[in-house]
Amino acid sequence: MHRLCSLWALLSFLPLLVQPSSAQNFSLHGIDVSDLDRKADPCNDFFEFSNGTWRTNNPIPASMTHWSKRWAAGETSKEKLKDILEAAAADKNAPKGSNEQIIGDYYGACMDESRVNARGMEPLKPWFARIDAASNIQELQHIMADMHDIMVDHPFAFGSQQDPHKPAWVLADIAASGLGLPDRDYYLKPEARFKEAREKYAVHIAAMFRLAGSDDKTAGDAAQTIVAMESKLAQAWLEKAALRDPVATDHNTTFAQLQAMAPHIDWVEYFKHQQIPQDVDMNVDQPKFMQELDRRMSEEPIANWKVYLKWHLLDTTAPYLSAPFVEEDFSFNGKYLSGATENKPRWKRCAESTDQFLGDALGQKYVEKYFPPEAKERVQEMVRNLLAAMRDDILSRPWMSDDTKEKAMAKIATFNPKIGYPDKWKDYSHLEIRRDAFFEDVLAGRHFVEEDDRQLIGKPVDRGRWGMTPPTSNAYYNPLLNEIVFPAGILQPPAFDSKAVDAVNYGAIGVVIGHEISHGFDDEGAQYDYLGRLRNWWTDSDLKQFQARAACVADQFDNYFIEPGVHHNGKLVLGESIGDLGGAKVALLAYRKSLEGKPRPPDIDGFTPEQQFFIAWGQFRGDAIRIESQRLMMQTDPHPVAKYRVIGPLSNLPEFQRAWSCKADAAMVRPEEKRCDVW
Ligand SMILES: [Zn+2]
């Protein structure tokens with residue numbers, strides 16, 4: 001699941017394609033003018049102008065951290081999941097092993113809150129007892145391997161990854177992990193906000209251990225031990241922005257090399273446990289981390305490792321334990337780190353975890369009910385239009401040689417769009433899911449996810465697999481498969497609206513499609529060739545030109561901040577920002593192409609077609625975000641905050657300046673010498 005360049009917060013979706021314009025426009029609507037803030041000047045702050053009134057009138061709900069029409073649509077989709085799940089839970093005749101029984105009993109068990117509360121932390125007790133009974137590090141490593149089976153992926157993670165050098169093949173991947181805070185910088189940076197986060201983290205760890213039965217002294221000591229151990233691991237981690245370079249994490253490793261890298265881990269046992277042969281092709285993403293982990297294995301007292309394993313069991317399973325654990329987990333991760341003031345209602349959390357662990361069983365029902373078959377066809381057509389526009393755009397670049405252009409054309413020709421849902425569904429029939437054992441159901445679901453991933457290792461790539469579930473309101477590009485993927489969950493208003501004019505659809509889902517296509521040619525995607533190989537296909541001078549153009553975008557975003565001293569890291573958000581800039585440009589190009597040979601569409605509500613296009617992007621992307629979540633994003637998220645996803649790309653486009661007749665010195669017009677132009 002590495003290397004998915006998602007839109008993240010892109011909620012919601014898409015049915016009918018773009019209708020022919022002109023005559024039909026009279027029955028189709030334009031943008032929502034009531035959402036505009038007309039007191040704002042579009043040439044000064046387009047984020048405020050395009051969606052300011054909507055944000056004022058729709059404050060972020062207590063349980064949410066981001067809010068906009070597309071976030072609202074994403075939450076509404078969960079009500080559809082709830083209907084499906086309640087019906088399945090009520091069906092007493094569903095055959096055992098059927099999707100209805102599996103999702104119905106999972107959801108029913110999750111909703112039986114009084115039973116979950118009555119069990120307290122009893123479900124974790126067998127795990128804690130095993131840890132307490134271990135007498136040496138090898139025994140603890142055995143428990144760690146069992147924890148990997150249930151998605152407690154610490155202190156390292158083990159899974160499948162497509163081989164970037166032999167893209168028809170899947171290798172084993174060992175990835176750095178081990179931290180409970182969101183990123184290495186939280187452990188290492190001196191700024192007050194990180195220092196505070198470390199202190200709050202320690203308080204949180206101690207609170208969880210007290211809930212699990214420890215006395216105050218033991219709980220406080222556990223917190224200090226965890227923070228100290230994780231800080232040492234954090235020092236060995238690469239920085240988040242550096243991790244974006246696929247070459248930095250490309251380390252083909254043999255079993256013997258792995259043993260030499262981390263001799264204090266019993267790899268023979270571990271591979272036996274995973275049922276993976278030792279001669280498997282393998283990648284270790286961060287060797288320096290594995291060396292530090294090995295030092296910790298030999299130097300930390302075994303008592304510290306016991307505390308460490310208990311903590312990560314508690315931390316990753318707390319949402320499925322009784323109310324006090326759920327509340328303490330929310331108060332740190334949801335409230336303190338992200339800014340929500342209330343936890344989501346239980347039914348929503350239950351629907352979300354069903355989707356997470358049993359995604360295809362729920363997704364199959366979702367698409368049967370809510371995804372019209374014609375939607376797939378129409379979206380495919382729009383993707384074809386966008387790919388054609390991207391082709392024209394690349395061919396028009398004067399700085400790129402014919403040789404590199406030819407390779408880029410090969411890459412576009414092999415782009416594989418996936419739309420709606422997979423052709424083949426996963427089979428859950430062997431899963432044991434019971435109405436009276438929610439925690440064990442969660443472990444069964446997690447075990448399924450892990451096995452489903454590991455069974456791919458050492459085999460040819462299955463190109464039909466999806467990295468997101470069908471109801472997901474998001475999209476992604478995967479450079480290894482050179483595919484763009486749009487789950488059914490994103491194909492609905494406001495991303496795509498069959499009742500809206502072309503300008504609005506091209507400005508919303510059109511830019512989203514363009515964004516995903518552009519990921520194939522961002523700082524990361526451009527390093528993969530048309531077959532998904534991590535291999536340079538650029539001439540030296542073209543590559544230098546491309547990198548200089550990308551550096552312009554990184555500089556632009558380095559200068560954006562959310563509060564004094566808290567800036568975007570241009571290198572971290574570079575791929576997404578190239579995606580947004582390319583997406584806006586290519587979608588506008590595709591929109592214009594779609595108008596060729598037709599009468600120009602009329603102005604609506606006083607806005608020209610181009611103005612409608614830009615407003616659609618501003619509204620689609622117009623999230624309000626809690627400041628706590630913005631701070632978290634600055635640190636860990638490759639996506640810029642919504643405001644800069646609107647202002648950043650549009651202020652680079654001469655087409656925007658022309659559409660709004662902005663003066664050359666307007667805030668939304670970057671000076672000529674600073675204007676960035678990649679695709
Ligand atoms: Zn993206």
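Helices (H or I, at least four residues) and strands (E, at least two) are DSSP runs, numbered from the N terminus. By that assignment the secondary structure of the chain comes to 26 helices and eleven strands. The model is a predicted one, in which local features need pLDDT of at least 70 and side-chain atom pairs count only at pLDDT 80 or more, while totals for chains, interfaces and linings use all residues. Residues are numbered from 1 along each chain as its sequence is written, and side-chain values use heavy atoms, with hydrogens and water left out.

The overall dimensions come next. The radius of gyration, taken over C-alpha atoms, is 25 Å. Along the principal axes, the C-alpha atoms fill a box of roughly 80 × 60 × 50 Å. The accessible surface, from the Shrake-Rupley method with a 1.4 Å probe and only the protein chains shown counting as cover for residues, comes to about 26300 Å², and 52% of it belongs to carbon and sulfur atoms. Of the 679 residues, 62% count as buried; buried means under 20% relative accessible area, exposed over 50%, and partly exposed in between (1.4 Å probe, protein chains only). A contact means heavy atoms within 4.5 Å. Among contacts between residues at least 6 apart in sequence, 76% join residues at least 24 apart.

Another buried element is strand 4 (residues 170-176). Seven of its seven residues are buried, so strand 4 is largely enclosed by the rest of the structure. Two strands pair if DSSP finds at least two bridges between them. Strand 3 (residues 156-162) pairs with strand 4 in the antiparallel sense over seven bridges, and Gln162 stands opposite Val170. Strand 5 (residues 282-284) runs parallel to strand 4, joined to it by three bridges; here Ile174 stands opposite Val284.

Helix 9 (residues 216-236) contains Ala223, which is buried with a relative accessible area of 1%. Ala223 and Ala202 are 21 residues apart in sequence, yet 4.9 Å apart in space, C-alpha to C-alpha. Leaving aside neighbours within four places in sequence, Ala223 is in contact with Ala202, Ile205 and Ala206.

Charged side chains form another set of links. A salt bridge is a side-chain nitrogen of Lys or Arg within 4 Å of a carboxyl oxygen of Asp or Glu, and the structure holds 49 of them. One joins Asp146 and Arg130 at 2.9 Å, N to O. Asp146 lies in helix 6 (residues 137-148) and Arg130 in helix 5 (residues 125-133), so the pair ties together parts that are 16 residues apart in sequence. Asp146 is buried at 17% relative accessible area, whereas Arg130 is partly exposed at 36%. Glu292 and Arg295 form a salt bridge with their closest N and O atoms 3.0 Å apart. Both lie in helix 12 (residues 287-299), three residues apart, about one turn of the helix. Glu300 and Arg296 form a salt bridge at 2.8 Å between the closest N and O atoms, and both residues are buried. Salt bridges that share partners also join Glu75, Lys78, Lys344, Lys348 and Glu352 into one network.

Some backbone details remain. The peptide bond from His154 to Pro155 is cis, with omega near -5 degrees; Pro155 is in the loop between helix 6 and strand 3. A cis peptide bond also joins Pro493 and Pro494, with omega about 10 degrees. Gln275, not a glycine, has a positive phi near 55 degrees. Gln275 lies in the loop between helix 11 (267-274) and strand 5, and is exposed at 71% relative accessibility. Asn482 likewise has a positive phi, about 50 degrees, although it is not a glycine. Asn482 lies in the loop between strand 7 (476-478) and strand 8, and is buried with a relative accessible area of 1%.

Terms used
Rg over C-alpha atoms; globule rule 2.2 N^0.38 Å.
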